[in-house]
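Please look through the notes below with the structure open beside them.

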Amino acid sequence: MGIRQRRTPPPELPAALRAGRQRAGLTLKALGEQARVTASYLSHLESGERCPSRTVAGRLADALGLEGEERAALLDGAVDDAGLDHPWRRSFSPNSPLWTARNPVP
């Protein structure tokens, strides 16, 4: 399967993410710190309300020590970063025109 171009996760992703976190003995906060996301965002992922980007899914897989099929399943359930066109990303990405206009290099 290719990269999903949707914002809702496949049905198995939330439970697999929660199981991986619990198996690793990590709290939402601890996993969030390792994957550089908030505990609140992780809660949304585990409840199926949000779908991780491919970048976040990779960081979560690394933090959980996932390999092989488990890692592939998490990455396959993610959305392509390039397909996400959220205003926050456009405004605050260091590569965006809005960011460089607000934060000129001296």
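1. On a 1 Å grid over the protein atoms alone, a pocket is an open set of points where a 1.4 Å probe fits, with protein on both sides within 12 Å along at least five of seven lines. Lining residues have an atom within 4 Å of a point. A volume is the space filled by probe spheres set on the points.

2. The model is predicted: local features need pLDDT of at least 70, side-chain atom pairs count only at pLDDT 80 or more, and totals for chains, interfaces and linings use all residues. Residues are numbered from 1 along each chain as its sequence is written, and side-chain values use heavy atoms, without hydrogens and water.

3. The second largest pocket has a volume of about 180 Å³. Of its 15 lining residues, Leu-13, Ala-16, Glu-70, Ala-73 and Leu-74 are the closest to the centre. Helices (DSSP runs of H or I, at least four residues) are numbered from the N terminus. α1 gives the most to this lining, six residues.

4. The largest nonpolar core holds 19 residues. Such a core is a set of buried (under 20% relative accessible area, 1.4 Å probe, protein chains only) Ala, Val, Leu, Ile, Met, Phe, Trp, Tyr and Cys residues joined through side-chain atoms within 4.5 Å. Leu-31, Leu-64 and Leu-74 are among the members that touch the most others. The largest share, six residues, comes from α4.

5. Leu-64 has contacts (heavy atoms within 4.5 Å) with residues including Leu-17, Ala-24 and Leu-31, leaving out residues up to four places away in sequence.

6. In α5, the buried residues are Leu-74, Leu-75 and Asp-76. They pack against α1 and α4.

How values were computed. Buried means under 20% relative accessible area, exposed over 50%, partly exposed in between (1.4 Å probe, protein chains only). Helices (H or I, at least four residues) and strands (E, at least two) are DSSP runs, numbered from the N terminus.
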